[in-house]
Amino acid sequence: MKKITCFLLCLMVVIFQFCSSSRKARQSTSMMVTNTYTAKVQPILASSCAPCHMPPGGNKKALNTYEAARNNIDDIIARIQKNPDERGFMPFKHPRLPDSTIQVLVQWKNAGMPQ
């Protein structure tokens with residue numbers, strides 16, 4: 001009886017070890033859900049692209065709406081990934097954005113650009 005109980009207990013430990021959900025998977029799913037235009041991208045654009053790309057004062061391409069950000073995301077990412085000495089670097093006359101900020105925009109694009 002002890003052998004059967006011990007065997008069943010070991011078997012249950014092995015089975016339940018693989019049944020639990022992965023913490024990493026939960027974190028990446030929750031990150032994808034919260035990485036929306038309204039929650040993450042809009043504040044970055046408002047702080048890093050203003051006043052040049054924010055109407056009414058901005059005289060450059062407006063980036064103040066979801067549609068504008070979605071339609072220009074490839075150009076935005078390409079420009080912010082450049083080095084400050086390269087032509088087309090953004091934000092113009094400012095330091096390069098931190099890699100973590102750039103990654104938020106890249107992840108937003110890869111997630112399908114949720115609003």
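Are Tyr66 and Trp108 buried or exposed? Tyr66 is buried, and Trp108 is buried too, where buried stands for under 20% relative accessible area with a 1.4 Å probe and protein chains only. Keep in mind that this is a predicted model, in which local features need pLDDT of at least 70, side-chain atom pairs count only at pLDDT 80 or more, and totals for chains, interfaces and linings use all residues. Residues are numbered from 1 along each chain as its sequence is written, and side-chain values use heavy atoms, with hydrogens and water left out.

Let's turn to the rings. The count comes to 3 aromatic pairs, taking rings of Phe, Tyr and Trp (its six-membered ring) whose centres lie within 6.5 Å; planes under 30 degrees apart count as stacked, over 60 as edge-to-face and the rest as tilted. One of them joins Tyr37 and Tyr66 edge-to-face, at 5.5 Å centre to centre and 75° between the planes. Tyr37 sits in helix H3 (residues 37-48) and Tyr66 in helix H4, so this pair ties together parts 29 residues apart in sequence. Helices here are DSSP runs (H or I, at least four residues), numbered from the N terminus.

Tyr66 also pairs edge-to-face with Trp108, at 6.2 Å centre to centre and 80° between the planes. Trp108 belongs to helix H5 (residues 99-110), and the two residues are 42 apart.

Definitions and conventions:
Buried means under 20% relative accessible area, exposed over 50%, partly exposed in between (1.4 Å probe, protein chains only).
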